[in-house]
Structure formats: C-alpha cells, structure tokens
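This report describes the fold, the helices and selected side-chain contacts of one protein. The sequence and structure come first.

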Amino acid sequence: MSTSSAPVAWLTQESYDRLKAELDHLSGPGRAEIVARIEQARSEGDLKENGGYHAAKEEQGKAEARIRQLTELLRNAHVGEPPADDGVVEPGMVIEAKIAGDPETFLLGSREVAGDADINVYSEKSPLGAAIHGLKAGDSTTYTAPNGKEITVEIISAKPYTG
C-alpha cells in the first residue's frame, strides 16, 4: 500500500494549460537561456567576484525549484469542471464565511488556480481548510490556529470558483 502526501489540487483546464505552458518554457527554452547566461558569465573570468555568474546560478536554482513544484502539482492535479454547485465546502469553491466574527471571502484550494485573480486562497490542508471541508451554509465549527487560539468559523455560502 502506498500513500502519497502530495495534495491533490483541483485545476480548471485553463489553469492547467497555463501552468503546463509555464513548465514547458521553464524546462525547455527557459533552462537553455539560464545555462547560456551562466556560460557567458563563466567566460568572464574569476567566479568568486563575478556577480552575473552568481545571479544566474541563483536564478537557475529558483527555476529548477519551480519546475519541481509545477511537475508535482500537475502530476497530482484533478483537472476539469469546477465542483458541483451544491453548497458543500470543498477545493475549487469560493467560500463566504465569518471567521472570528469577521466576514471573509476566499478560494479553498491552490493559489495556482486563482492565477492573477485578486482573491485570498487557503489550502484545504491548512487548519482552516481542514476544519471547514465538507460543511454547508449555516454550519459552524472551530479550529485551532497556528498561534494556538480557537477560532470560530460560520459558513455563509460555498460557490464554484469560475475564475
């Protein structure tokens, strides 16, 4: 029996395609561009005092980390239509809730789904996300925040994210 600790992200087809294009660029032309910059900087001499070389190596490290992140995300993604509009809190839903008495609207799921949209995103694996998963409008629960405080959450509505 094997279990994966990687979270399964719900992605729209558009989000998946956008992330796949980013991955294809980073692992193809993007990688080649960085290697060319490293080689160019390396040819300039002493590497200890070569700012261009160190900057290109740092950029390479960030790009490789993003490639790994995207590869894992896309490998484990559930791609397709948003969840059913049944009012149940689950990944891919925009949640309206009162958190500690304050109204808040957020997407439950992956930041990658929201792209450039101006909406807060909470992972379904976060303490808040785990506490409200499966609830419906009118339901209330409490969860323990990372600072140890008990926080009350009341679900107002849960609607599919349309991006």
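## Terms and basis

Buried means under 20% relative accessible area, exposed over 50%, and partly exposed in between, with a 1.4 Å probe and protein chains only. Helices (H or I, at least four residues) and strands (E, at least two) are DSSP runs, numbered from the N terminus.

The model is predicted: local features need pLDDT of at least 70 and side-chain atom pairs count only at pLDDT 80 or more, while totals for chains, interfaces and linings use all residues. Residues are numbered from 1 along each chain as its sequence is written, and side-chain values use heavy atoms, with hydrogens and water left out.

## Overall fold

The protein has four helices and seven strands, in the order β-α-α-β-β-β-α-β-α-β-β along the sequence. Its radius of gyration, taken over C-alpha atoms, is 21 Å, well over the 15 Å that the globule rule (2.2 Å times the number of residues to the power 0.38) gives for 163 residues, so the protein is more spread out than a compact globule.

Along the principal axes, the C-alpha atoms fill a box of roughly 65 × 40 × 35 Å. Of the 163 residues, 37% count as buried. Among contacts (heavy atoms within 4.5 Å) between residues at least 6 apart in sequence, 54% join residues at least 24 apart.

Helix 1 (residues 13-42) has 30 residues and reaches 41 Å from its first C-alpha to its last, close to the expected 44 Å. The expected span is 1.5 Å times one less than the number of residues. A kink of about 40° is centred on G30; the bend is the angle between axes fitted to the seven residues ending at a residue and the seven starting there. G30 is one of the buried residues of helix 1, along with S15, L19, L23, L26, I34, I38 and A41.

## Aromatic pair

The structure holds one aromatic pair (ring centres of Phe, Tyr or Trp, the last by its six-membered ring, within 6.5 Å; planes under 30 degrees apart are stacked, over 60 edge-to-face, the rest tilted). F106 and Y122 form this edge-to-face pair, at 4.8 Å centre to centre and 85° between the planes. F106 lies in strand 4 (residues 102-108) and Y122 in strand 5, so the pair ties together parts 16 residues apart in sequence. F106 is buried at 0% relative accessibility, whereas Y122 is partly exposed at 27%.
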